[in-house]
Amino acid sequence: MATVHHPVPAHPPPVPRFPPPAPGTGPAASGTSGAPLGPVAGARRPADELGRELALPVGAALTALAVTALLATGRAAAHPAFSLAVFALLTVAVAAAARPLMVPAVVAVSWLFYDGFVVHRYAELGWQPADRTSLWVLAGAGLAAAGCAAAFRAARTARDRRAGAG
């Protein structure tokens with residue numbers, strides 16, 4: 001009779017992302033259905049990770065919708081300062097949610113849509129003083145939002161560590 005041999009996996013088993021619960025704090029000790037009892041010091045929240053990963057594609061889609069709305073209402077040509085303010089606020093929102101390393105990409109996407117469809121029509125890019133000014137405005141908005149979001153995350157991590165140690 002022939003035997004079937006299963007191949008040995010080439011990769012080691014995955015390492016869990018979250019540390020196991022401390023003894024006496026798991027679902028068996030509390031009698032609950034497995035809900036977490038509190039924040040684990042240094043643990044990353046899955047919802048935060050997913051939001052940070054999806055910030056750039058969602059931001060690009062929102063930017064395309066903003067361009068469409070501005071062009072459909074006629075505000076893009078009539079009020080370029082208003083359009084730049086809309087894009088700056090959109091850049092702030094997306095950059096605050098994105099990973100810090102992705103902020104230059106967020107700013108680039110925002111500027112490309114703004115410059116290509118609002119300032120210049122038909123997806124043409126330019127490099128006149130107005131184009132450079134809008135790039136600096138959007139870059140400043142993105143960097144300010146990323147800095148504030150990083151400070152908020154650092155404060156939250158420090159608070160979680162104090163709560164876990166205390």
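Reader: How many aromatic pairs are there by the ring rule?
Author: Three aromatic pairs. Rings of Phe, Tyr and Trp (its six-membered ring) pair if their centres lie within 6.5 Å; planes under 30 degrees apart are stacked, over 60 edge-to-face, the rest tilted. One of them is Trp111 with Trp127, edge-to-face, at 5.9 Å centre to centre and 85° between the planes.
Reader: Where do Trp111 and Trp127 sit?
Author: Trp111 is in helix 5, and Trp127 is in the loop between helix 5 and helix 6, 16 residues apart. Helices are DSSP runs of H or I, at least four residues, numbered from the N terminus.
Reader: What is the source of the model?
Author: This is a predicted model: local features need pLDDT of at least 70, side-chain atom pairs pLDDT 80 or more, while totals for chains, interfaces and linings use all residues. Residues are numbered from 1 along each chain as its sequence is written, and side-chain values use heavy atoms, leaving out hydrogens and water.
Reader: Is Trp111 buried or exposed?
Author: Trp111 is buried, because its relative accessibility is 10%. Buried means under 20% relative accessible area, exposed over 50%, partly exposed in between (1.4 Å probe, protein chains only).
Reader: And what about Trp127?
Author: Trp127 is partly exposed, because its relative accessible area is 49%.
Reader: New topic. Which residue has a positive phi although it is not a glycine?
Author: Ala123, with a phi of about 60°. Ala123 lies in the loop between helix 5 (103-119) and helix 6 (129-165). At 47% relative accessibility, Ala123 is partly exposed.
Reader: Where is Leu50?
Author: Leu50 is in helix 2, residues 46-73. Leu50 is exposed, because its relative accessible area is 51%.

Conventions
Helices (H or I, at least four residues) and strands (E, at least two) are DSSP runs, numbered from the N terminus.
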